[in-house]
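Subject: Handing over the model

Hi,

Here is the structure I promised to pass on. Have a look at it first, and my notes follow below.

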Amino acid sequence: MNRRTLLAGAAALSALIAAPAMAQDEPLKVGFIYVGPVGDGGWTYQHDLGRQAVEAEYGDRVETTFIESVPEGADAERALTQLALAGNKLIFATSFGFMDPTINVASKFPDVKFEHATGYKRADNVATYDARFYEGRAVIGTIAGRMTESNKIGYIGSFPIPEVIQGINSSFIHARKVNPDVEMKVVWAYSWFDPAKEADAASALLAEGVDVILQHTDSTAPLAKAQEAGAIGFGQASDMAAFAPSPRVASIIDNWAPYYVERVGEVLDGTWESKATWAGIGDGEVVIGDITEAVPAEVKAEAEALRDSIGSGEYHPFTGPLNKADGSVWLAEGETASDEDLQSMNFYVEGITAQIPQ
Amino acid sequence: MIQFVPRTDASGPWQIATPILAVLATMLTGGLLFALLGHDPVAAIRTIFWDPLFGMAASYSRPQLLVKAAPLILIASGLAVGFRAGVWNIGAEGQYIIGGLCGAGVALALYPLDAFWIFPAMVVAGLAGGWAWGMIPALLRNWFGASEILVSLMLVYVAQRVAAWMAFGPMKNPEGFGFPGSRNLQQYPSASNPELFANTGAHWGVFAALAAVIATWVLMSRHIRGFHIRAAGTAPRAARFAGVRPQVLVAFCLGLSGALAGAAGLFEVAGPAGQVTDKLGTGYGFTAIIVAFLGRLHPVGILLAGLLLALTYIGGELAQLTMQLPAASVQVFQGMLLFFLLGFDILTRFRIVRRVRA
Amino acid sequence: MIDPLSVFLLLLSASTPILFAALGELVVERAGVLNLGVEGMMITGALSGFAVAHATGNPFAGFLGAAVAGAAISLLFAALTQAFLANQVASGLSLTLFGLGMAAMFGKPLEGVKAPPMPAGPFGINWIVWLGLLAVPAIWWFLTRSRPGLVLRGVGENHDAAHALGYDVRLTRLAAIAFGGAMAGIGGAFISIATVLQWTEGMTAGAGWIALAIVVFSNWTAVGVLAGAWLFGGVTVLQLRLQAAGVNVPVQLLSMAPYLATIIVLVLISGRQKYSRRAGAAAPGSLGRNFHALR
């Protein structure tokens, strides 16, 4: 797109949105676009809970809108523009694949603020936010290491991207910390949500002798398979409480509500700024769901202690000495991983024998 | 007893009347559906059919109609030529993907070279890719008698996996922090397919779609090959006596529809979509089949049908946005529209005769 | 070392949804109808089956409900293509769109609910898996040995001739389409009731399209469908199993393989038929063409 058409377009678009003059006490309009349906019971569902929390917090002062099941790419750009044209002053784009569309649309609506989840591109009116899921993985990795009898734990990955690899490494490190004999088996489903495939992946892991399954995919199918085989697993994204107390012995919940409430509040009082937020357990963005009675009390206490020390900032899940899988040194004794390192993580830590598919 | 008697020639008045009837019937039943869901049916119908054209933000959504309709029309006009001849290419989705991959491949291989010929070369590659993918079912039919319906459908799945492979492997953006997906071509001026005139939505694909409509119209009504195609479709044996070589026709039809689908894929990946991802195929190739039939396999009909379908997509988004209608109800509404259009179509091809049983 | 028996057991349950859907589609295509709405019918079955199972507490009642619902929604397609003579490809695609939308809409109240437990069948293998395996010889017998099966194939092979012989082409096709819908419904319900134990939107995730491929691979025979379901299910299971064992597998290339195999099978069979001029089993002669008595 050349500069002239872009500028002309921006002028025309801003003329459009300026048209319905804003009355004094009009509520702040906040828009959300979701990659999946609200009823996915996982990723999108949790974002929508965050939206509902915003409504509950600010009542009449805000008005929220969402568009669900928006495909990534051209359709996302249109959905974002429609939201901006409809007068939304703050827009949350809740999928990695919305990154470029968000940046494009943001350049045409300089007075609208955008928040993009899990991406790395920012602008004056585009902030990014993400959750330190790996902190939660450390906690459930600990439980997994303690609970496994076969000393084999399985991990169902979605795509080999840094966020997922962080989770695999973090859970492995902490499982091994409490159980030096533990092995990790990784299966990639190449989907965030494909119940039948996830079930097959879980079965494949169970057949390999795994008795604890961790998942970074969104359906409950792995839990259902674990139940059949008498193994255990963990809720992912949402609590998946229907499977408690076993096979679901704990869960990692994406809790976007505090962040959404905070950022909407900042727009309301005019203090919003573009920034990159990467919040974790301490900020309440990553929540460990109820650890059930299927877990022995001392393991539960140990997991909760770890959770609290991560939450307070006392402990970083990636603290040296840690080596990479190829044997080279990654972190020296006492050194902690930088965020930059984590955000482009593309290696396993020492002890995981599988290879990351390229 | 009621009987359908075929018309010798498709009825002119009914050809115009049936789509209108179908749309009215959809509005009635769809309105009922929305009312049952607790929404104002009149407002819902107006939002879907009226607001994208004449509503508040119509100056944005009108051009978007073109963006959404262009690939549908481009693909459907090629498919319709084949359908007229009795050559059933239902794998346009695959040809679309491969065309997009080939075109994007040229750009990514040349990055960051700046030259005027890159975009034309991409168009050629897109056409060639789609053509080649379409020629596979053509040759297999000509050589072995394998059904082109089934081969072309199978090749869609293969193409989808090629796209995933490319997005995670060879075409992955080296500066993308390990995330899947290629470089964004919108940010590579020599390779991008921008909006040519501000706020018209018109990128090169829109012009290509119009050109395809005109070209196929000329082909079908003025050219000897068009006559052959029509002859082969209505009276295959007679056509053979008239010197039509079926093998040439099969290759021509699949090659043409493949090339147009490939071009549509290229325009999309270099323009609105911007990058190669595993979700490159968004279903345009399948929707275009419906467009071809709704348009009665006639170029002008296809133009209108493509715009109508685009309208329901954009109106459906607006309905989500302004009325919070769930995405699923919009999908149901579209399904109804298609059912009615397909059902009422019988009136154009058949006369209804009441017959008294003897 | 990977235990072949364990892979086989995984395969049995992984291939069940696509086996049911493909067996149903086999009968439909044998009657000369190409219904691309399998995905829509499967998701309808997944939802309805889950709803019934949840309401009654009985998973088997759920499968029954899924069969009824799958058949019911397939009648929309039947009405369009048989009564209104609409194009089958377009009608089937519309059915998929409609079914996915309907299921998502009516499924809202069931989100987050868990299915009732399913009692294990003989040898610890799910009853429905057994049912699927039994359906293969049953459908083989029906298509090749029974009189109604012969009529159905006749209708699919040459509907004009069948009509001339006094058979009711439309009624035969209507019954086949409804049967296909019921089978697709059961296949979908297996995913929601037996595999995932929950209802979520879009949970069939393309299984209906794989079923269509399997029918082609099968060369339109029941035994071929079983082989195809095992091939497609098997490739998935095996690549996951290899991954679990720590083997680095090219997932995308491997998952393409069954589709390429299908094309090769199709080419071999069509080629043999073309060059030997021997009438054998292959694509039904009237596949995808609408029948009109006065043509």
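**What I found**

Chain B has 15 helices and two strands, where helices (H or I, at least four residues) and strands (E, at least two) are DSSP runs numbered from the N terminus. The radius of gyration of chain B is 22 Å against the 21 Å that the globule rule gives for 358 residues, so chain B is as compact as a globular protein of that length. That radius is taken over C-alpha atoms, and the rule is 2.2 Å times the number of residues to the power 0.38.

Before you go further, the ground rules: this is a predicted model, in which local features need pLDDT of at least 70 and side-chain atom pairs count only at pLDDT 80 or more, while totals for chains, interfaces and linings use all residues. Residues are numbered from 1 along each chain as its sequence is written, and chains are lettered from A and ligands numbered from 1 in the order in which they are written.

**More on chain B**

Along the principal axes, the C-alpha atoms of chain B fill a box of roughly 80 × 60 × 35 Å. Of its 358 residues, 61% are buried. Buried here means 20 or more other C-beta atoms within 10 Å of the residue's own, exposed means 12 or fewer, and partly exposed is in between, with C-beta atoms placed from the backbone. Among contacts in chain B between residues at least 6 apart in sequence, 79% join residues at least 24 apart; a contact is a pair of C-beta atoms, placed from the backbone, within 7 Å.

Helix H11 of chain B (residues 246-270) is worth a click. It has 25 residues and reaches 36 Å from first C-alpha to last, close to the 36 Å expected, the expectation being 1.5 Å times one less than the number of residues. H11(B) is mostly covered, with 20 of its 25 residues buried.

The chain is divided into domain 1 (1-37 + 326-358) and domain 2 (65-323), with bounds from an automatic or database domain assignment. Their contact takes eight residues from domain 1 of chain B and eight residues from domain 2 of chain B. On the domain 1 side, helix H14 (residues 327-344) of chain B gives the largest share, seven residues. By class, that side of domain 1 of chain B has six nonpolar, two polar and no charged residues. For the classes, Ala, Val, Leu, Ile, Met, Phe, Trp, Tyr, Cys and Pro count as nonpolar, Asp, Glu, Lys and Arg as charged, and the others, Gly among them, as polar. The centres of the two domains of chain B, taken over C-alpha atoms, are 28 Å apart.

**Core and interfaces**

The largest nonpolar core has 353 residues, and A:Ile33 and B:Ile75 have the most contacts inside it. Such a core is a set of buried Ala, Val, Leu, Ile, Met, Phe, Trp, Tyr and Cys residues joined through C-beta atoms within 7 Å. Both domain 1 and domain 2 of chain B give residues to this core, so it lies between them. Leaving out residues up to four places away in sequence, A:Ile33 touches several residues, including A:Phe66, A:Leu83 and A:Phe98.

Which chain B helix gives the largest share of the side that touches chain A? H13(B) does, with five residues. In total, 33 residues of chain B are in contact with 37 residues of chain A, and the chain B side has 14 nonpolar, 15 polar and four charged residues.

Towards chain C, the contact takes 36 residues from chain B and 39 residues from chain C. The chain B side there has 27 nonpolar, seven polar and two charged residues.

**Chain A**

Chain A has 11 helices and 14 strands, and 59% of its 358 residues are buried. Its C-alpha atoms fill a box of roughly 65 × 40 × 40 Å along the principal axes.

Two loop residues to look at:

- A:Asn88 sits between helix H3 (74-85) and strand S3 (90-93) of chain A, and counts as buried because it has 25 C-beta neighbours inside 10 Å. A:Asn88 and A:Val30 are 58 residues apart in sequence but 5.1 Å apart in space, C-alpha to C-alpha.
- A:Ile291 lies between strand S12 (286-289) and helix H10 (297-311) of chain A, and is buried, with 23 other C-beta atoms within 10 Å. A:Ile291 touches A:Val249, A:Ala250, A:Lys300 and A:Ala303, not counting residues up to four places away in sequence.

Cheers

How values were computed:
Contact = placed C-beta atoms within 7 Å.
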